[in-house]
Amino acid sequence: MLKKIFVCVALALPGAALPGAAQDIDLLLKNGHVIDPRNQIDARMDVAITDGKIVQVAAGIPEASAKKVIDAGGMYVSPGFIDIHTHVFVGSNNGFANGINSISPDDFTCRAGVTTVVDAGTSGWRNFPTFKEQVIDQSKTRILAFLSIGGLGLSGKAAQENLDDMVPDSAVWMLKEHPETIVGIKIGHYEGKDWTPFERALEAADKSRVPLLVECHLPQYSLEDQLRRMRPGDIITHSFEKVSERMSVVDDNGMIRPFVKEAQKRGILFDVGHGGAGFWFSEAMPALEQGLAPNSFGTDLHRFSVNAGMKDMLNVMSKYMAMGMKLEDVILRATWLPAKSIRREDLGNLSKGSVADVAVWSLRKGKFGFVDAGGNRIEGDRKLETELTLREGKIVWDLNGLSAKKFDAR
Amino acid sequence: MVIHKKLVRFYPLTMALVILLCAFFNKVQGQQHQEIDILIKGGHVIDPRNNINGLMDVAIREGKILQVAPNIPVTGAKRIVDAKGLYVTPGLIDMHVHVFIGNDLQAYIADGQTSVSPDGFTFRAGVTTVVDAGSSGWRNFRLFKEQTIDRAQTRVLALLNIVGTGMHGRFEEQDVADMNPVMTAHMIKKLFPQIIVGIKSAHYWGDFTQVDLAVEAGKLANVPVMVDFGEHDPPNSIESLFMEHLRPGDIFTHTFSYGPKQRETIVDENGKVKPFVFAAQKRGLIFDVGHGGGAFSWRQAVPAMKQGFKPNVISTDLHTQSMNGGMKDLTNVMSKFISMGMTLQDAVARTTVNPASVINRPELGHLSPGAEADVAVLNLRKGDFGFLDVRGAKLKGNQKLEAELTIRAGKIVWDLNGIAAQVWDHEE
């Protein structure tokens, strides 16, 4: 008997020395290639998760210490992806705010390895509570939001052009009430010449110490003026669009405009904001070649982008790989950089203690095509495919049954 | 062009003649080849309704199928899609979905958040037509139509719930006083015969009352009834359901569900398909998959398939509780049956001509000339795949369908790899 106890203790001791001793780990992802840019990890490692949090990322974590083990051999493991430009205030109105042009986030996130989306100002201070109750509180995906400076967000021209409804202090108050959810202020969709809306948006962002997201459809504001008014850390989206209402970032000779370079140097962040019309190879390719890589891969997820060249965030990431961006740079721009840009350093990493939002994905080899807003195709030989998505340690997507036991036909 | 020497003397006349002739030939040629909007070249066409299963081209003009034949000349086709190595089928029909999405937080599926927006799931899976399975009843169908059906790019048809409020809530679904066959039949026959294709009976905890009222409405409106026959504790007899209550052409859904406490299974505890199940199918009862979040188990489907029992229709039961689970989308559910040994042709028949005939919409589910050009171009991926059932068990497979291109009424609505797009030109 004594001998038995001794053996048990001897066996338990090495385990006890490890952070995840005897069955303390809820879920252990074994043998995957971990890419965690925040912690400069790019190697084969195991990831241990307990109580919805990351407890350890290391090589050779013993399986005996885990309640459930998933073999991620041959696959990659990274923080769950962050999409900082979406429209998810879905409802039954026409249009975007509480409307049918927005999208139910869970339909597109889990299957793409996305665990956090940021709504790009579909709501404003007047209708954010409805958005929160109807969508944010109902979704599995973590939904954060930029608040539109217009009180009703994207609720049609009559509301969007109404200066009286752009009240910085009201936006600031709303942000104070929901600091966990509202991460910034948005300006976009204003057709006048008056800079008041822009200034009010900046004022609200300043007072709340949050970034300003500059979206599109500001036809009277020149690109140069927009960039000049932005502060370091503010984000411009639809960076590589080629539309009549906004000057593109590269000139007719395919060179990045000097004031764009200047803005980049000053710390203005460039988001993709792909959407249905916001991404063109003719702009993005020379920009990338000349050193203007996007800081984040915002998809501009909405009803008109999901079935077009955009598809989902993985497809946008794969597109950049086809354009020549290195895999680790792609993952950096899908995890840590967007987390930093919205000042949520708690996200986009696999540091010990972080929430266990994790994407397990494979690199599919083959002949693939990627399309831009103009219907132009480039070819690529690799494509990301999400195998498993964890949100707060819970499996919310499992493409091929990695986490499942094999069916026994008896 | 060779012009006879003698004619040269009459130059002006000759030229006029040449121009006239050219115009004439152009016109003739044009009728044959030059007015093709989209030509899908070199794909393997599977069109079960027309017994086509081989290499063919598909020509589309003005939103309709113009021609399906080998080697259609590319001359004059405005857009050519190279489908070499791919399969070309009629746009898939998903006969069991829930798409009455809304923000009534008190509601379950009707105008609620358990339903999904159709377009986000259909086109990327090659689906061009869905049939909503009783999310709405006669009281709220108009709202469903206004909110979703009229705004969707996907063709949305519907089975009307025998319960007036549809799938608003579990308790409302038990209210026999709100199961009105006459109103249900009016809604179908008099008001919306183009959209409502049948009746749904579901989630009823009692005896056969709900099914019988649904069948009564089905007789009045001359449409089939689909039955979700779960949630009876103890379960009601499915033999009685198949043989005594339903008519040939009526539909039993969630065929491979395993939840024996509330739902009698088609395969017994010894793994044998119950004999009356074959008899029922022979009698004309339609067996629908309706995968869903809780209604597809390998322990039912695998032995059934082995013993030669195939479902008549493969469908998803798409809603938020199924979309990210073992179901995923229609191509995934089809791939499961392929992994169990079903041929691709059989899987395509069960998502095209079969559902079209069950819902009595013979104009759908095929590529006959003149049909609306709803087309799916599918890739049969090879590799190591796993397929989950609702109980978390995995079946391995080495083939998986992926939708490359989807065309709805002649319009490209999904193009995974840009096979219909032009190659980007750096020098442009």
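Colleague: Let's start inside. How many residues are in the largest nonpolar core, and which have the most contacts there?
Modeller: In this predicted model, the largest nonpolar core holds 91 residues, and those with the most contacts inside it are Phe141(B), Phe242(B) and Phe337(B). Helix α6 of chain B, which runs over residues 209-221, gives the most to this core, with six residues.

Colleague: And what is Phe141(B) in contact with, beyond its neighbours within four places in sequence?
Modeller: With those neighbours left aside, Phe141(B) is in contact with Ser136(B), Ile149(B), Ala158(B), Leu160(B), Met187(B), Phe192(B), Ile195(B) and Ile196(B). There is also a second, separate core of 86 residues, which includes Met174(A), Leu223(A) and Ile331(A) from chain A as well as Trp424(B) from chain B.

Colleague: Switching to rings: how many aromatic pairs does a search of the whole structure find?
Modeller: Over all chains, the search finds 29 aromatic pairs. One of them joins Phe128(A) and Phe131(A), an edge-to-face pair with 6.1 Å centre to centre and 85 degrees between the planes.

Colleague: Where do Phe128(A) and Phe131(A) lie?
Modeller: Both lie in helix α2 of chain A, residues 128-134, where they are three residues apart, or about one turn of the helix. Phe128(A) is buried, with a relative accessible area of 0%, and Phe131(A) is buried as well, with a value of 0%.

Colleague: What about Phe278(B) and Phe309(B), and why is that pair edge-to-face?
Modeller: Their ring centres are 5.9 Å apart and the planes stand at 85 degrees, so the pair counts as edge-to-face, given that the class applies to angles over 60 degrees. Phe278(B) belongs to helix α8 (residues 275-283) of chain B, whereas Phe309(B) sits in the loop between α9 (298-306) and α10 (320-323) of chain B, so the pair ties together parts that are 31 residues apart in sequence.

Colleague: Is Phe278(B) buried, partly exposed or exposed, and which is Phe309(B)?
Modeller: Phe278(B) is partly exposed, with a relative accessible area of 32%, while Phe309(B) is buried at 0%. Ring pairs also link both of them into a cluster, together with Phe242(B), Phe252(B), Phe256(B), Phe276(B), Phe287(B), Phe296(B), Trp298(B) and Phe337(B).

Colleague: Which elements give two or more residues to its lining, and how does the lining split by class?
Modeller: The elements are α9 (313-322) and β15 of chain A, along with α11 (330-339) and β14 of chain B. By class, the lining of the largest cavity has eight nonpolar, five polar and 12 charged residues.

How values were computed:
Residues are numbered from 1 along each chain as its sequence is written. Chains are lettered from A and ligands numbered from 1 in the order in which they are written. This is a predicted model: local features need pLDDT of at least 70, side-chain atom pairs count only at pLDDT 80 or more; totals for chains, interfaces and linings use all residues. Side-chain values use heavy atoms; hydrogens and water are left out. A nonpolar core is a set of buried Ala, Val, Leu, Ile, Met, Phe, Trp, Tyr and Cys residues joined through side-chain atoms within 4.5 Å. Buried means under 20% relative accessible area, exposed over 50%, partly exposed in between (1.4 Å probe, protein chains only). Helices (H or I, at least four residues) and strands (E, at least two) are DSSP runs, numbered from the N terminus. Contact means heavy atoms within 4.5 Å. Rings of Phe, Tyr and Trp (its six-membered ring) pair if their centres lie within 6.5 Å; planes under 30 degrees apart count as stacked, over 60 as edge-to-face and the rest as tilted. Ala, Val, Leu, Ile, Met, Phe, Trp, Tyr, Cys and Pro count as nonpolar, Asp, Glu, Lys and Arg as charged, and the others, Gly among them, as polar.
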